[in-house]
Amino acid sequence: MQKITIAIDGFSSTGKSTIAKQLAKALGYIYVDTGAMYRAVTLYAMQNKFIGGEQENLVGLVTELPKIALKFVYNAELGFSEMYLNGENVEKQIRTLEVSRNVSDIAAIGEVRTKLVEMQQRMGAEKGIVMDGRDIGTVVFPDAELKIFMTASADKRATRRYKELLDKGEDVTFEEVLKNVEKRDYIDSNREISPLTRATEAIEFDNSDMGLDEQFERMHNYALRIISKKEKGTL
């Protein structure tokens, strides 16, 4: 079967990672959560006091980028890969609201994006990959055969994220989560470098009122149609 590149972009908390994991598993593809990579760099910045204190030291963070080693390690029990930062499993730490509050600012740093985009492009050099993020279809893989742009209302997304955080035992309010979602939307869409925007040829996918099964079925059908066209030489 011919392999393709699938790029899934969209706003925070639209469920990109959940669908991307399912799609990759169904197709036998590699899945890469680029958001986890930016979150891991953010966690590093927080741990080393480059952000989060009285004064930011983003120049210091940029200087230390060569010291940051990121790796996805597959967890057979969970059925997906977890993020490792300098040899340590940080999957739980990077999913906190505290990291969410800072990740868009870190992701807007040009040197950070350059480092991670280069890593992402190497990961997908052989195709057969499903990658989700903010600039996959526009910057990382502009030639991807299938591009999806996921969206949903801010209220719907905040509700989903709020439930996830509560399930993980975090002490948060819905208002905090909604504010964070709206702030990230603004920063992601208005940053100078690789802003969140829908690629011209991307399929816009509003899942505000759509269940997971329906989302997966539609995504899977999109992919199978593209793969079929490629095999027939009509793509």
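Strand 4 (residues 80-85) pairs with strand 5 in the antiparallel sense over 2 bridges. Strands pair if DSSP finds at least two bridges between them; strands (E, at least two residues) and helices (H or I, at least four) are DSSP runs, numbered from the N terminus. This is a predicted model: local features need pLDDT of at least 70, side-chain atom pairs count only at pLDDT 80 or more, and totals for chains, interfaces and linings use all residues. Residues are numbered from 1 along each chain as its sequence is written, and side-chain values use heavy atoms, with hydrogens and water left out.

- Strands in the order 3-4-5 form an open sheet of 3 strands with antiparallel pairing.
- Strand 3 (70-75) and strand 5 (88-89) are the edges; each has a single partner strand, so one side of each lacks a neighbour in the sheet.
- Tyr84 has Asn89 as its bridge partner in strand 5.

- A second open sheet has 5 strands in the order 2-6-1-7-8, and its pairing is parallel.
- Strand 2 (30-33) and strand 8 (203-206) are its edge strands, each pairing on one side only.
- Neighbouring strands in this sheet are turned by 20° against each other on average, direction ignored.
- Strand 7 (residues 146-151) pairs with strand 8 in the parallel sense over 4 bridges.
- Phe149 stands opposite Glu204 in strand 8.
- Helix 9 (residues 212-232) packs on the sheet and touches strand 1 (5-10), strand 7 and strand 8. Its direction makes about 160° with that of strand 7. Axes are lines fitted to C-alpha atoms, for helices over the stretch in contact; angles run from 0 to 180 degrees between N-to-C directions.

**Helix 5**
- Helix 5 (residues 110-123) has 14 residues and should span 20 Å; its end C-alpha atoms are 20 Å apart, which agrees. The expected span is 1.5 Å times one less than the number of residues.
- Gly110, Val112, Arg113, Leu116, Val117, Met119 and Gln120 of this helix are buried (under 20% relative accessible area, with a 1.4 Å probe and protein chains only).
- Their cover includes helix 2 (34-47), strand 3, helix 4 (97-107), strand 6 and helix 6.

**Asp135**
- Asp135 lies in the loop between strand 6 (129-133) and helix 6 (136-140).
- Asp135 counts as buried because its relative accessibility is 1%.
- The side chains of Asp135 and Arg113 make a polar contact (2.8 Å). Such a contact is a pair of N or O atoms within 3.5 Å; within protein, one must be able to donate a hydrogen and the other to accept it, and residues adjacent in sequence count only if both atoms are side-chain atoms.
- Leaving aside neighbours within four places in sequence, Asp135 is in contact (heavy atoms within 4.5 Å) with Asp9, Arg113, Val117, Val140 and Ser194.

Note on methods. Buried means under 20% relative accessible area, exposed over 50%, partly exposed in between (1.4 Å probe, protein chains only).
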